[in-house]
Amino acid sequence: MKFSFPKISAIAVSVQALVSLVALAGCQIDSRQQVLATNATQVAQRAISTRSFDTGDRNLVFRSVIAALQDLGFVVDRADDVLGTVSATRLSGSYVRVTITMRSAGPSRTLVRASGQYNLDAIADATPFQRFFDTLSQSLFLTANNVD
């Protein structure tokens, strides 16, 4: 006695594989969607997260950014004075990651822009940015006046 099983066509296997791939792709989180999912518009977010400082000394601002982040309990992960970027993290029951960029805005001004993540969500609330910029202003004053 011989048993024979029906042969599955190559097309049916291909369709099944395609359906599986589409289902898996739907489960992935697209980072672009996360960025665009913030409630604030890009212009409003830039206003919240950017400040201009009355100094052309980018090295002074760079050192002050690092000091401000450390004062706020962050651990600096990366600091690149050539690019003007600092990345830091803080673990205190939740994961907070920030990146700060600095660029010259003329001979006597420096722009500082902050971005951050709280766990996996972009920080859109103005309060953490305001706290950082207040601490940075104090740090700039102390660093400029050589106060330890």
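I count two strands as paired if DSSP finds at least two bridges between them. Helices (H or I, at least four residues) and strands (E, at least two) are DSSP runs, numbered from the N terminus.

**Ground rules.** I am working on a predicted model, where local features need pLDDT of at least 70, side-chain atom pairs count only at pLDDT 80 or more, and totals for chains, interfaces and linings use all residues. Residues are numbered from 1 along each chain as its sequence is written, and side-chain values use heavy atoms, with hydrogens and water left out.

**Overview.** I find 5 helices and 6 strands in the chain. Along the sequence I read α-α-α-β-α-β-β-β-β-β-α. I take buried as under 20% relative accessible area, exposed as over 50%, and partly exposed as in between (1.4 Å probe, protein chains only). On that scale, 25% of the 148 residues are buried. For contacts I use heavy atoms within 4.5 Å. Among contacts between residues at least 6 apart in sequence, 50% join residues at least 24 apart. Accessible areas come from the Shrake-Rupley method with a 1.4 Å probe; for residues, only the protein chains shown count as cover. The chain exposes about 10,500 Å². Carbon and sulfur atoms supply 58% of that area.

I looked up the pairing of β3 and β4 and found it antiparallel, over 7 bridges. A88 stands opposite V98 in β4. The two strands form a hairpin with 3 residues between them. G93 in that turn has a positive phi of about 85 degrees. Next I followed β4 into β5. They also pair in the antiparallel sense, over 9 bridges. S104 is opposite T110 in β5. This hairpin has 5 residues between the strands, and G106 takes a positive phi near 115 degrees.

**S94 and N119.** I went back to the loop between β3 (85-91) and β4 (95-104), where S94 is found. S94 is buried, at 12% relative accessible area. Leaving out residues up to four places away in sequence, S94 touches Y118 and N119. N119 is in the loop between β5 and β6 (121-122). I note its positive phi of about 55 degrees, although N119 is not a glycine. Most residues other than glycine have a negative phi. N119 counts as partly exposed, at 36% relative accessibility.

**Helix α3.** Which residues of α3 (residues 42-49) are buried? I list Q45, I48 and S49. Seen down the axis of α3, they fall within an arc of 85 degrees, so they line one face of the helix. The arc is that of the directions from the helix axis to the C-beta atoms. The face turned away from the buried side carries the exposed residues V43 and A47. The cover over the buried residues of α3 includes β1 (50-53), β5 (110-118) and α5 (126-144).

**Helix α5.** I looked at L140, which lies in α5. L140 is buried, at 9% relative accessibility. Not counting residues up to four places away in sequence, L140 touches F53, L60, V61 and S64. I also checked L140 against T55: 85 residues apart in sequence, 9.5 Å apart in space, C-alpha to C-alpha. L142 is also found in α5. L142 is partly exposed, at 36% relative accessibility.
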